[in-house]
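Notebook open. I want to go through this two-chain model from the folds down to single side chains, and write down what I find as I go.

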Amino acid sequence: MTKAPLLQIKNLTVAVGEKLILRDLELTINAGETHVLMGQNGTGKSTLASAIMGSPAFDIISGEILFEGENITEESPDKRARRGIFLSFQNPEEVPGVTLENFLRTAKGAVTGEKPRLMQFKKDLRVEMERLGVAETYAARELNVGFSGGEKKKAEILQLLTLNPKLAILDEADSGLDVDAVKTVSEGVSRFRNEGNALLIITHNTRLVEGIAVDRVHVLENKKLALSGGAELMRRITDSGFAGLQTNPDAPRGAPKGDTQ
Amino acid sequence: MSGEDKRALIPDEPDDAAREMYDTKGVMKPRFQVSSGLTSEIVSAISDEKGDPPWMREFRQQSLAVYNETPPPDWGPPLDGLDMEQIITYVKPDARMEARWEDVPEEIKDTFERLGIPEAERTGLAGVGAQYDSEVVYHSVKSEVADLGVVYTDMDTALKGEYGEMVRQHFMKILPPREHRFMALHGAVWSGGSFVYVPDGVEVTIPLQSYFRFNAAGAGQFEHTLIIVGKGSSLHFIEGCSAPKYNVANLHAGCVELYVGEGARLRYSTIENWSKNMYNLNSKRAVVDKNGIIEWVSGSFGSHTGCLYPMSVLRGEGARMDYTGITFAGAGQNLDTGAQVVHAAKNTSSRISAKSISKGGGKSTFRGGITVAREATGCRVSVSCDSLMLDSRSRSDTVPVMDVRCDDVDIGYEAKIGRISEQAIYYLMSRGISEDDARAMIVNGFAEPISKELPLEYAVEMNNLISLEMKGNT
């Protein structure tokens, strides 16, 4: 099976204010692949996620982001979302007065170009909420307002499954979750994943990706992907930490893995 | 419909035609109007035209005298743009008061049809009144409500008919002309408005609605609404207002007097949507007897300058007031709103929840006025005020004034002023929602505690108005 590049990041340099966070970063994610991004705290993993999503808080100094071959470097986040990019936020915003259901239906309409029919949408949403162990009453709750950390993460996965993007970036979708909740989130992510879409998972541990076939693992260090490898790299990191790694700046950085799955 | 469903009705796309709907001028020619400015002759002419009873004739002249000796208020937003010499105080449409919608003249009917008034009546109101310029052109009340003894009519009919004495006993008794210049002006030139009387022990389960449409340029509007709710009764009264846009200043100085009897409950809901040349200097006041409840739900949109501070006088033990209001001040607008409450008896309670939004250099001020009398022990007061500024040019102020004369009182006050969260906008945009829609969604969400208190069609209208205001690029 030939894989088409879904996301291509070329020589990306990102700053916030005067501070350089990423320098000449390269990453390619093909349709059908799952990538894991690791790295110590403060190395810029969330910055990379935000840059792909188009957050206005960061400045792209140079480089390009291509999605399905098109340059989206200057595009606003809503346009990127409509192309099929999704970011599960580490700390999702609270939006008072907007119900989870109304928000999701509006968002679904925005990404598909057609607002879903109310009754069918309600039904589908209830099914997915039950699978994720989110109480039905949350549909009428204000978006993320008063949600616990775990509920916010589940609500992000609910959004992922509802919007069904082509590329999902999960920024620490498992942080702060108990074992059962990580399993629920992980199962939700598995349900999303298919041959045509792709995942970029930012995480510190392997539990989230148990049951998900990982194609590439990248380590972010010194403002770039210092090390890339297969799934085994992840185990090495969780066993011995980042300190024991031999990072090689000349290692193939995020190169497509080839045809083997 | 439940609150949840209402929220689902936040419009996807604000209707471009919507602002036009309010701004479009009617083509109706007035039958009679006084010349601009204010003299004893003009006031007499209004009395003649209306066929005032002698006491009202005199009341108008006395009010005029008070007006002439009362200086304009020395606080609040500037009123320099308001030249009373240019204001026409009385514009009578060429129409009689009708009880059947079919009989209302076409041009006026058109205006109201565009605003959805008869439609509102068909869909679940106990009664509807419609005022065009200075006079009421239509009033109807469902027979099952009338059969309970509920009176809902225009003020002229009430003044001259069987309830004339009741009107006389209550008219401008809680909003006296001496209180300030614009109340005095109102006393002199008032016309139109509604009279509602709910006898003791009657629960009116469906709302009554009055709609005021002011069409004439350079005119003043001075409608008077008088509502008397008897012991143990309940009523929900809805008032909607709009006016088309002219380049000359218009003045609205209406009065609303509400009498809430022992154990009675009155909810007074308003959406005011004025054109941006309007000086809206409206006065509203309620007196509440023992264990009675007054609830205000108020949305203030449009107008150039607005001063609106509904007051509740809790004079009976255990009386309660609840105020929920929102103000949206856009470019060139100075909206000074708030709520006042006088705790005059024991164990009375009040809750004020005010929100304001300012955008494009608009100025929004909240004034809370709380007075607790010495004898009003055991009362509870809770004030919260939440302001959202959509840009750095806009302004939002809160002016709490509290005069508390006894110790045994529980007072809570909370004020928050904030900017719209750029992070929240980004979050919504990351889900495919455009920036404009994301902003409108956040602002509608901010207003949601108010819209959920409104009847459905008004909640939808309010969401539409917010989306319209949000679309303006100023």
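I call two residues in contact when they have heavy atoms within 4.5 Å of each other. With that set, I checked how far contacts reach along chain B: among those between residues at least 6 apart in sequence, 83% join residues at least 24 apart. In chain A, residues 24 or more positions apart account for 68% of the contacts with a separation of 6 or more.

Housekeeping before I go on. The model is predicted, so I keep in mind that local features need pLDDT of at least 70 and side-chain atom pairs count only at pLDDT 80 or more, while totals for chains, interfaces and linings use all residues. Residues are numbered from 1 along each chain as its sequence is written, chains are lettered from A and ligands numbered from 1 in the order in which they are written, and side-chain values use heavy atoms, with hydrogens and water left out.

**Entry: chain overview**

I took helices (H or I, at least four residues) and strands (E, at least two) as DSSP runs, numbered from the N terminus. Chain A comes out with 7 helices and 12 strands, chain B with 13 helices and 24 strands.

For burial I used relative accessible area: buried is under 20%, exposed is over 50%, and partly exposed is in between (1.4 Å probe, protein chains only). Chain A has 261 residues, 55% of them buried; chain B has 474, with 62% buried.

Next I looked at pLDDT, the predictor's confidence in each residue, from 0 to 100. Chain A has a mean of 90, and 92% of its residues reach 70 or more. Residues 249-261 of chain A stay under 50, and the model has 26 contacts for them beyond four places in sequence. Where pLDDT is low, the predicted coordinates should not be read in detail.

**Entry: where A meets B**

I found 38 residues of chain A and 23 residues of chain B in the contact. The buried area (accessible area, 1.4 Å probe, that two parts lose on being put together, summed over both) is about 2300 Å², with carbon and sulfur atoms giving 62%.

How many salt bridges run between chain A and chain B? My rule is a side-chain nitrogen of Lys or Arg within 4 Å of a carboxyl oxygen of Asp or Glu. The count is 1: Glu156(A) pairs with Arg431(B), closest N and O atoms 2.7 Å apart.

On the chain A side, the elements that each supply at least two residues include helix H1 (45-53), helix H3 (100-112) and helix H5 (149-163). H3(A) gives the largest share, 7 residues.

**Entry: salt bridges inside the chains**

I searched the whole structure and got 31 salt bridges over all chains. Glu94(A) and Lys152(A) form one, with N and O 3.3 Å apart at the closest. Glu94(A) sits in the loop between S6 and S7 and Lys152(A) in helix H5, so the pair ties together parts that are 58 residues apart in sequence. Glu94(A) is partly exposed at 37%, while Lys152(A) is buried at 17%.

I then checked Arg126(A) and Glu136(A), whose side chains meet at 3.4 Å, N to O. Arg126(A) is in helix H4 (residues 118-131) and Glu136(A) in the loop between H4 and S8, 10 residues apart. Arg126(A) is partly exposed at 22%; Glu136(A) is exposed at 56%. Both belong to a network of salt bridges that also links Glu101(A) and Lys122(A).

In chain B, Arg267(B) and Glu295(B) meet at 3.1 Å, N to O. Arg267(B) is in strand S13 (residues 265-274) and Glu295(B) in strand S15 (residues 293-302), 28 residues apart. Arg267(B) is buried at 17%, and Glu295(B) counts as buried at 10%.

Is Ile425(B) buried or exposed? Ile425(B) is buried, at 2% relative accessibility. I find Ile425(B) in helix H11 (residues 422-429), with Ile420(B), Glu435(B) and Ile442(B) among the residues it touches beyond four places in sequence. Ile442(B) is 17 residues away in sequence and 7.7 Å in space, C-alpha to C-alpha.

Ser283(B) is in strand S14 (residues 278-288) and buried at 9%. Beyond four places in sequence, its contacts include Leu175(B), His180(B) and Cys255(B).

Thr73(A) lies in the loop between strand S5 (70-71) and H2, buried at 10%. Its side chain reaches the backbone nitrogen of Ile65(A) at 2.9 Å.

Terms used
Polar contact = N/O pair within 3.5 Å; in protein donor to acceptor, adjacent residues only side chain to side chain.
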